[in-house]
Amino acid sequence: QMDVDKLNFIIKKFYTNSNVLTINKINSGLINKTYIIEHLNNGTKSKFILQSLSNIFESREVVNINHNLITNHIKKKINENHFDFDMKRWEVPYLIRCQSNNLFAFPFETDFWRAMRYVDQTLSFDYLEDNAMAFQTGVGLAKFHSICSDLECSRLKTNITNFHNIHYYIDEYTKSFDNYKLVKLENHYEERIKTLNIFCSKQIFFAKSLAKSLDENLIVKNVIHGDPKLSNFLFDIHHKYVVSMIDLDTVSSGYLLTDLADCIRSICNSSREQPRCLDNVSFDIGSFKSFLNGYFSISDKNDSFRFILEFIYLIIFELTIRFFTDFLQSNRYFRVKYKTQNLCRAEVQCRLLCDFLSHITILSNELLESGIYSS
């Protein structure tokens with residue numbers, strides 16, 4: 001009951017004349033606490049998103065400043081009919097001002113609450129239904145990149161230091177592993193941790209030198225989403241095309257390829273994030289092809305896209321060590337339902353990486369055929 005009373009109190013700060021009908025918690029996010037609120041506002045029925053921002057962000061004010069910058073930019077583009085080329089709707093989950101302080105956030109106790117527009121007539125998915133959905137995800141990401149391409153990325157402030165910096169994650173992982181006390185675990189966990197550590201240690205030198213050489217080869221930074229996993233795409237409820245990208249707190253300056261690789265990592269894991277059995281984890285080549293076909297139906301191919309496989313390798317390895325490190329540090333970053341969940345997540349990414357590496361030749365041939373590699 002306490003939670004409902006507290007939420008009602010916070011809702012009234014954003015909507016003074018709100019009469020709450022239902023509160024639904026969304027469980028797909030690993031970082032923030034998010035609710036869909038359905039209410040009568042001045043007698044009219046509507047929904048909005050209420051969210052408590054995680055304290056992983058260095059400054060939650062900066063998160064909102066960036067969020068506002070990006071959503072204002074997208075709103076302007078929509079008003080200028082930027083999307084006339086395919087006549088499909090594009091929506092933006094902008095922030096709603098708090099009526100009690102005229103800001104985009106309401107600090108309460110130790111939490112930092114904000115309200116966002118709910119995008120109606122949409123669905124989100126945790127896993128692909130078919131290759132058509134992979135294609136539409138590619139189109140959606142390309143549209144997001146296209147709409148943000150003329151936003152000067154230097155205007156975005158840093159809200160997670162070292163985000164997608166593999167050198168930093170490797171250092172954190174090495175320190176955490178060295179400080180970790182294996183004695184406090186049952187044998188079978190100890191085996192799993194040692195096996196994963198052997199795998200990660202073998203990748204470190206290659207991952208570091210690869211990241212360094214990519215940084216030397218790629219100069220251009222763009223506005224990227226930063227966390228384009230499948231559940232952050234909203235699909236039209238009737239026609240299953242993407243109408244919005246949500247969870248814009250990780251929007252930052254980076255390489256477009258980081259977004260492509262992370263999205264591919266998310267959709268091509270045919271076993272989903274939490275499989276019953278690790279043997280089911282595999283990298284789906286059909287989804288990979290369909291996604292790229294979708295993306296390049298909107299975006300032009302340029303020379304930098306030839307590094308796509310290198311970026312996929314790095315992002316899967318990055319996630320492996322980030323989940324593993326979080327487990328070693330007692331789950332400080334990603335929310336867990338049970339103590340070893342981040343260890344399981346790390347093992348899934350590790351298995352995905354192994355399967356991805358076993359298909360490199362086939363994937364390279366796909367890129368050659370699609371014209372991303374020039375022979």
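By contact I mean heavy atoms within 4.5 Å.

Before going on, a word on where this comes from. This is a predicted model, in which local features need pLDDT of at least 70 and side-chain atom pairs count only at pLDDT 80 or more, while totals for chains, interfaces and linings use all residues. Residues are numbered from 1 along each chain as its sequence is written, and side-chain values use heavy atoms, with hydrogens and water left out.

Back to Leu343. Its place is in helix α9, residues 341-358. Helices here are DSSP runs of H or I with at least four residues, strands are runs of E with at least two, and both are numbered from the N terminus. Is Leu343 buried or exposed? With a relative accessible area of 0%, Leu343 is buried. The cut-offs are under 20% relative accessible area for buried, over 50% for exposed, and partly exposed in between, with a 1.4 Å probe and protein chains only. Lys194 is 149 residues away from Leu343 along the chain, and their C-alpha atoms are separated by 11 Å.

Next, a pair of helices. The axes of α2 (residues 60-79) and α3 (residues 131-148) come within 10 Å and cross at roughly 95°. These axes are lines fitted to C-alpha atoms, for helices over the stretch in contact, and the angles run from 0 to 180 degrees between N-to-C directions. So α2 and α3 are roughly perpendicular to each other. On that scale, under 35 degrees is roughly parallel, over 145 roughly antiparallel, 65 to 115 roughly perpendicular, and the rest oblique.

Which residues make the contact? From α2 we have Ile70, His73, Ile74 and Lys77, and from α3 there are Phe144, Ser146, Ile147 and Cys148. That gives five nonpolar residues, two polar and one charged. In this scheme Ala, Val, Leu, Ile, Met, Phe, Trp, Tyr, Cys and Pro are nonpolar, Asp, Glu, Lys and Arg are charged, and the others, Gly among them, are polar.

Staying with α3, Gly138 is found in that helix. Gly138 counts as buried, at 0% relative accessibility. Not counting residues up to four places away in sequence, Gly138 touches Phe291, Gly294 and Tyr295.

How many aromatic pairs does the structure hold? There are 22. Rings of Phe, Tyr and Trp (its six-membered ring) pair if their centres lie within 6.5 Å, and planes under 30 degrees apart count as stacked, over 60 as edge-to-face and the rest as tilted.

Let me show you two pairs. In Tyr255 and Phe311, the ring centres are 5.8 Å apart and the planes are at 85°, so this pair is edge-to-face. Tyr255 lies in the loop between β11 (252-254) and α6 (256-267), and Phe311 in helix α8 (residues 308-328), so the pair ties together parts that are 56 residues apart in sequence. Both Tyr255 and Phe311 are buried. The second pair is Phe296 and Phe305, with centres 4.9 Å apart and planes at 85°, so it is edge-to-face too. Phe296 and Phe305 are also buried.

Rings also meet charges here. Lys75 lies over the face of Tyr94, 4.1 Å from the ring centre, and Lys88 lies over the face of Tyr241, at 5.4 Å from the ring centre. The rule is that NZ of Lys or CZ of Arg must be within 6 Å of the ring centre and within 35 degrees of the ring normal.

Now for some backbone details. Gln121 has a positive phi, near 60°, in a residue other than glycine. Gln121 lies in the loop between β6 (111-117) and β7 (122-123) and is partly exposed, with a relative accessible area of 41%. Lys240 has a positive phi near 55°, and it too is a residue other than glycine. Lys240 is in the loop between β9 (233-236) and β10 (242-245), and is partly exposed at 30% relative accessible area.

Last one! Lys45 is in strand β3, residues 44-52, and is exposed, with a relative accessible area of 57%. Leaving aside neighbours within four places in sequence, Lys45 is in contact with Leu21, Glu38, His39 and Leu40.
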